[in-house]
Amino acid sequence: MAESRPRVGLFVTCLVDLIRPSVGFAAVKLLEQAGCDVSVPRAQTCCGQPAYNSGDRADTKAIAEQVIAAFAGYDYVVAPSGSCASMIKKHYPGLFADDPPLRAKAEELAARTHELVSFLADVRGVEAVESSFSGAVTYHDSCSGLRELGVEAQPRKLLDSVPGVEIREMEESNVCCGFGGTFCVKYPDISNKMVTNKAGFIAASGADTLLAGDLGCLMNMAGKLQRQGVPVKARHVAEVLADMADRPAIGEPGQAGDPAGGAG
Amino acid sequence: MSEARPNGSKGQIMAALRRSLKREQPAPEERRLLEERLAQPRAGLIPARGQRDHAAQLDLLEEMLTELSATVARLDDAAEVPQAVADYLKSENLPPRLRLAPREDLRVLPWDSQPLLEVTEGSAQETDPTAVTGAFAGIAETGTLVMASGAEAPITLNFLPENHIVVLRASDVVGAYEEAWTRLRARFGNGTMPRAVNMITGPSRTGDIEQTILLGAHGPRRLHVLLIEDAEQPAAAD
Amino acid sequence: MLQSSSPAFKENARAALADQTLQKALGNVKAGFIGKRAKARARLPEFEDLRDAARDIKNHTLANLDFYLERYEEKVLASGGQVHWAATAEEARNAILTICRDAGAKVVTKGKSMISEEIGLNAHLEEAGLDVVETDLGEYIIQLRHETPSHIIAPAVHLTKDQVEADFRHHHDELPADRSLVEPEQLVAEARQMLRHRYLEADVGITGANFLVAETGTSIIVTNEGNGDLTQCLPKVHIVIASLEKVVPNLEDATTILRVLARSATGQELSAYTTFSTGPRRPEDLDGPEQYHVILLDNGRSQMLGGEFQDMLRCIRCGACMNHCPVYHAVGGHAYGWVYPGPMGAVLTPSLIGVDEAGHLPNASTFCGRCESVCPMRIPLPRMMRHWREREFERHLSPKAVRFGLAFWAFFARRPALYHRLLGLKMRVLGALGRAQGRFNALPFAGGWTKHRDFPAPQGKTFQQLWAERQKGGAGS
């Protein structure tokens, strides 16, 4: 029995690690429920996107090599982020175009790397999750997950399996929220316009909870909703799917309690 | 040799292109393939929509034209054209005056049967309210009319008057653009085009003011197609 | 070439965001294009395959651009036309002015051409005393306003109808004050009437080209208004200005690309007028121009060929990328500061005017990828914007603060043990500070963020710390 359990290396992502570890524990819980053995390599920091998108190829490659080494040997690498998963899956191989041995390693890693929710639905064949929730949610499609990895139907399907969840689609759910990594601090006025539009659509959906698969986008949208005083709570979709939506939402006051509680 | 041309920097540009392509000339085998590609054009992917049977093509052509705010009247015989033109002008409250393309098959129609119609031939003049022309082909896939310029088809008729009536024979209707090119080559020769080929897909339109689509920006406001159902006859010279 | 204000992109963007009239007009971009394209795409099952085919045709052509351009020229000459090769904008402008002078021209009508904007043609001809009349409705409006296009297919998309009415009332001397111009229909009719006699009095007509066909020496333009046709069939001289990469081998190749062009641009099945022009009037013709000239412009394209920006030469100028770009929606086209706005401009502009000048443009993107997902020619626009960022980084053109911050971050990101120790501590402090509010509305070094939105307080310990505790026999394991 134990032999058939795939070994999953969790790519925590830097934002989950630092800001909202409970998302990482929700991911662990979902992966274990889906029959996986989860490990968390200590030698991970970040996928390298801040350097990659700033044109700093040397640092990007150094970080990518570190990730390739840290995640060698797992059957799968799973990240609770479409953006970071896509960085590894779609962009790492291109970094080593002129270094065939490393390129082969990057391609091999890319082939076993997945975004969390699509991994559960598409690779592990999860049809329903063990969770319950009470409320109307609206789901924002983060750009990389949607357009580079095709994450669109999977989160909605799994959310539909949770008793008590009502999905209210917002207008333009597939349009960028204006986060864009360093974009939001390099071009704050444009980013603000984009997230203001997004907050308007979220509020108009009538949902009381905003969900998405990427913490960066969620922090951006939650921060705007809170600045505007809109009482919509923001959570990573994994928290609802893992039945861990009982702790304070992103940016909400209160004791975090045990972020790991309920996992494992 | 080409460097000596008075008209510009051909030599310099070609040299830059060759540097970028990292070659002086295509290799002989490559060149043969390129020549072949030019000399024997092959159709690419043709949408299924353009490959229906002929009756369905006529229906599709009409459907697409109607959707574009053009109008279509089907006639059994070309001899009905003068009556149909007169009826159309009357129904649209337009002056009974038209400029006719100097095309033999239009010229011989019984225009005398419409004594109130003032018919003159030639290229379009500024004051002409309506043009009546033939068409080289109709293309069902998008409801497109193809005009090939020449002695019988002055192109100003397609654009200058506010109203354009096109006499289109069903035997000239094809499914897809590529079939029209095949017919063009058959008529004018491979690698040769009439001076102007105008594909017309509906009346003139613009969206330049607040993206509101409006008809009759500069070209014709009205496009009316008289479709002559001569399908069982063999295709005419065109 | 046209002067750029691209270095002032940030200031341009700020002004655009504060301009309420502009913001109202920009709403029309989303409303006018996105749904229509989606509908046209859904209606043609072969659309995605046609995108692949269109990409392959252009790739083949670019790989043999030398061959096809020479063949194209031969065919133009054989049909009685003339070809003028112009390496630079200046050469192109001068060639056009010479043709106009030789024709004794006073009035020149023009169809919409982005290449003419790129080479700054109107100013050059006007300085030489010619009366230049833009005939595309949008171009006509912005010519009255002394503006540049803000969109490559909808040049006046940044204006509201009230602004157009005011412009017509200001410039059309014979317009009675009591004539209503409230409805767009009335504005279109007014422009039609004004431009009618200009077509007829023009000595030279200038158009762009969407395609050049090597097989036949034909130039193709795609329009909806019919202005391009009146511009080229009434005057005695027709001048086509086209950049090198517009050439395709056969009519069939042009056809395949035409099937994706209008659908991607305006959501039409085909534009109202697709016009194929081959040489001057023939002896038997009753109308048409007596002279037919093609200006073939390089202006940097030959340098893009064979390099990492070659894919950009596939662009067919449909505008789908900007129609779907949230940054373009926010700031409009003028903020980009030069001829080509939006994602295609962010890639092309640095190639044509230099990345020193246009450095902001490839940075002002979230890499959301919506442009690439709708590009009919499958141009990897985000990837090429990233290439530009790499060039800027290599050449130390990125802002100092960014480079310093990045170096600081990368130092730790490359040292996991140090990273976890340091940030583990920092998050615990931040978490403790923010717990009561749950978030911060101001943070040192994060002003760009907290100016507009709150920053969530970290939960406290990092995931790695908690995971280590759990592995040692803590909660849950």
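Q: How many helices and strands does chain C have?
A: Before we count, keep in mind that this is a predicted model. Chain C has 23 helices and twelve strands, and its C-alpha atoms fill a box of roughly 95 × 60 × 45 Å when this is taken along the principal axes. Of the 477 residues of chain C, 60% count as buried. Among the contacts in chain C that link residues at least 6 apart in sequence, 74% join residues at least 24 apart.

Q: Which pair of chains has the most contacts?
A: Two pairs of chains touch, and the most contacts are between chains B and C. Chain A and chain B, by comparison, do not touch, and their nearest C-alpha atoms are 20 Å apart.

Q: How many residues does each side give to the contact between chain C and chain A?
A: As a general idea, the size of an interface is often given as the accessible area lost when the parts come together. Here we can count residues instead: chain C gives 56 residues and chain A gives 66 residues. On the chain C side, the elements that each supply at least two residues include helix 1 (9-18), helix 19 (381-394), helix 20 (400-413), helix 21 (416-434) and strand 12 (455-456). By class, the residues on this side of chain C divide into 28 nonpolar, 15 polar and 13 charged.

Q: In what order do the strands of the open sheet follow one another?
A: Strands of a sheet pair through backbone hydrogen bonds, either parallel or antiparallel. In this model, eight strands form an open sheet with mixed pairing, in the order 8(B)-5(B)-6(B)-9(B)-9(C)-6(C)-5(C)-8(C). Strand 8 (173-174) of chain B and strand 8 (247-248) of chain C stand at the edges, and each has a single partner strand, so one side of each is left without a neighbour in the sheet.

Q: Over how many bridges do strand 9 of chain B and strand 9 of chain C pair?
A: Strand 9 (residues 196-200) of chain B pairs with strand 9 of chain C in the antiparallel sense over five bridges, and within this pairing Asn198(B) has Thr275(C) as its bridge partner. Going on into chain C, strand 6 and strand 9 of chain C are also antiparallel, over five bridges, with Ile220(C) opposite Phe276(C). Strand 5 (residues 211-213) of chain C is joined to strand 6 (residues 218-223) of chain C by three bridges, again antiparallel, and there Phe211(C) stands opposite Ile220(C).

Q: Which residues point one way from strand 9 of chain C, and which the other way?
A: Tyr273(C), Thr275(C) and Ser277(C) point one way, whereas Thr274(C) and Phe276(C) point the other way, and all are buried. Strand 9 (residues 273-277) of chain C is accordingly described as mostly covered, with five of its five residues buried.

Q: Which strands of chain B does helix 7 of chain B lie across?
A: Helix 7 (residues 177-188) of chain B lies across strand 5 (137-139), strand 6 (144-148) and strand 8 of chain B, and runs at about 160° to strand 5 of chain B.

Q: Where is His146(C) placed, and is this residue buried or exposed?
A: His146(C) is in the loop between helix 8 (137-144) and helix 9 (161-171) of chain C, and has a positive phi of about 55° although it is not a glycine. His146(C) counts as exposed because it has 6 C-beta neighbours inside 10 Å. Arg378(C), in the loop between helix 18 (370-374) and helix 19 of chain C, also has a positive phi, of about 50°, and is not a glycine. With 19 C-beta neighbours inside 10 Å, Arg378(C) counts as partly exposed.

Q: How far apart are the centres of the two domains of chain A?
A: The domain assignment of chain A gives domain 1 (2-122) and domain 2 (127-241), and their centres, taken over C-alpha atoms, are separated by 22 Å. In chain A, 30 residues of domain 1 are in contact with 24 residues of domain 2. Chain B is divided into domain 1 (9-39) and domain 2 (48-228), with C-alpha centres that lie 41 Å apart.

Conventions
Residues are numbered from 1 along each chain as its sequence is written. Chains are lettered from A and ligands numbered from 1 in the order in which they are written. This is a predicted model: local features need pLDDT of at least 70, side-chain atom pairs count only at pLDDT 80 or more; totals for chains, interfaces and linings use all residues. Domain bounds come from an automatic or database domain assignment. Two residues are in contact if their C-beta atoms, placed from the backbone, lie within 7 Å. Helices (H or I, at least four residues) and strands (E, at least two) are DSSP runs, numbered from the N terminus. Ala, Val, Leu, Ile, Met, Phe, Trp, Tyr, Cys and Pro count as nonpolar, Asp, Glu, Lys and Arg as charged, and the others, Gly among them, as polar. A residue is buried if 20 or more other C-beta atoms lie within 10 Å of its own, exposed if 12 or fewer, and partly exposed in between; C-beta atoms are placed from the backbone. Two strands pair if DSSP finds at least two bridges between them. Axes are lines fitted to C-alpha atoms, for helices over the stretch in contact, and angles run from 0 to 180 degrees between N-to-C directions.
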